[in-house]
Amino acid sequence: MCVKWFLTLVNLLTKIIEFDTILYPLETRTCLPFKDHKEEYTMRKYELMTIYPVEDEKFKAGTDTIRADLAKFGAEIEKEEPFGDRDLTYEIKKLRRGRFVLFHIKANPAKIAEMNIQFRLNQNLLKYLFVLKTEKDA
C-alpha cells in the first residue's frame, strides 16, 4: 500500500516538473535551482558609533585598531567625527565616562558580522554600534 502510494506521488511530481519546464523553459527563468548565490554586494553606507576609555593611550590604541580592522575588511572611512568625552548612562567595564567617535563608512554588508566579531576582541573599545544609513539620511 505504501509503495503504491509513493510511486503515485513520484509519478505526479515528475509530471508537474515536466509540465513546468514546458511552460517555463530554464533559459527564461530568472532564478535557476541550485544557483550559486556568491554575488558581490554593493558597498553600503553605515555610521559606526564607538566609545573608548578617556585615557589618551587607550583611546589612541583603540582608534588605530578600529581603523586597521576597517581597512582589513575593505571598508572605506568617509568621515570621522570626534564627539568628545561624555558621561555614560551606566557603567561599562567599571568606567563612568567615555570618549565617543562617530565613523561614516562604506562597507560590504556581508563583512559586518565579521567586523562585529573582531571588534569584540578589542580591549580598548567599550561599546560600538553599526547603523545602516538610508537614502533619506545620506
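Tutor: A residue is called buried when its relative accessible area is under 20%. In this predicted model, 25% of the 138 residues of the protein chain count as buried.

Student: What elements make up the protein chain, and in which pattern do they follow one another?

Tutor: The protein chain has three helices and four strands. Along the sequence they are arranged as α-β-α-β-β-α-β.

Student: How many aromatic pairs are counted, and what makes the pair of F119 and Y128 an aromatic pair?

Tutor: The count comes to five aromatic pairs. One of them joins F119 and Y128, with ring centres 5.4 Å apart and planes at 90°. Ring centres must lie within 6.5 Å, and planes over 60 degrees apart count as edge-to-face.

Student: Why is F119 called buried?

Tutor: F119 has a relative accessibility of 1%. The limit for buried is under 20%, therefore F119 counts as buried.

Student: Is F130 buried or exposed, and how do you know?

Tutor: F130 has a relative accessibility of 14%. That value is under 20%, so F130 counts as buried.

Student: Why is Y128 called partly exposed?

Tutor: The relative accessibility of Y128 is 22%. Buried requires under 20% and exposed requires over 50%, so Y128 is placed in between, as partly exposed.

Student: Which residues do ring pairs link into a cluster?

Tutor: The cluster consists of Y46, F119, Y128 and F130.

Student: Why is α2 called roughly antiparallel to α3?

Tutor: The axes of helix α2 (residues 56-72) and α3 come within 11 Å and cross at roughly 155°. Angles over 145 degrees count as roughly antiparallel, so α2 is described in this way relative to α3. The crossing is right-handed.

Student: Which residues of α2 and α3 meet?

Tutor: From α2 come I66, D69, L70 and K72, and they meet M115, Q118 and F119 in α3.

Student: What makes the charged end of R99 sit over the ring of F59?

Tutor: The charged end of R99 is 4.8 Å from the centre of the F59 ring. The distance limit is 6 Å, and the charge must also be within 35 degrees of the ring normal. R99 counts as sitting over the ring of F59.

Student: Which residues does V54 touch, leaving aside those up to four places away in sequence?

Tutor: V54 touches D85, R97, G98 and R99. V54 and G98 are 44 residues apart in sequence, yet their C-alpha atoms are 5.3 Å apart in space. V54 lies in the loop between β1 (44-52) and α2.

Student: Why is K94 called exposed?

Tutor: K94 has a relative accessible area of 75%. Exposed means over 50%, so K94 qualifies. K94 is in the loop between β2 and β3.

Student: What is the phi of K94?

Tutor: K94 has a positive phi of about 65° although it is not a glycine. Most residues other than glycine have a negative phi.

Conventions. Residues are numbered from 1 along each chain as its sequence is written. This is a predicted model: local features need pLDDT of at least 70, side-chain atom pairs count only at pLDDT 80 or more; totals for chains, interfaces and linings use all residues. Side-chain values use heavy atoms; hydrogens and water are left out. Rings of Phe, Tyr and Trp (its six-membered ring) pair if their centres lie within 6.5 Å; planes under 30 degrees apart count as stacked, over 60 as edge-to-face and the rest as tilted. Buried means under 20% relative accessible area, exposed over 50%, partly exposed in between (1.4 Å probe, protein chains only). Axes are lines fitted to C-alpha atoms, for helices over the stretch in contact, and angles run from 0 to 180 degrees between N-to-C directions. Helices (H or I, at least four residues) and strands (E, at least two) are DSSP runs, numbered from the N terminus. Angles under 35 degrees count as roughly parallel, over 145 as roughly antiparallel, 65 to 115 as roughly perpendicular and the rest as oblique. A crossing is left-handed if the near helix is turned anticlockwise from the far one by less than a right angle, and right-handed if clockwise. Contact means heavy atoms within 4.5 Å.
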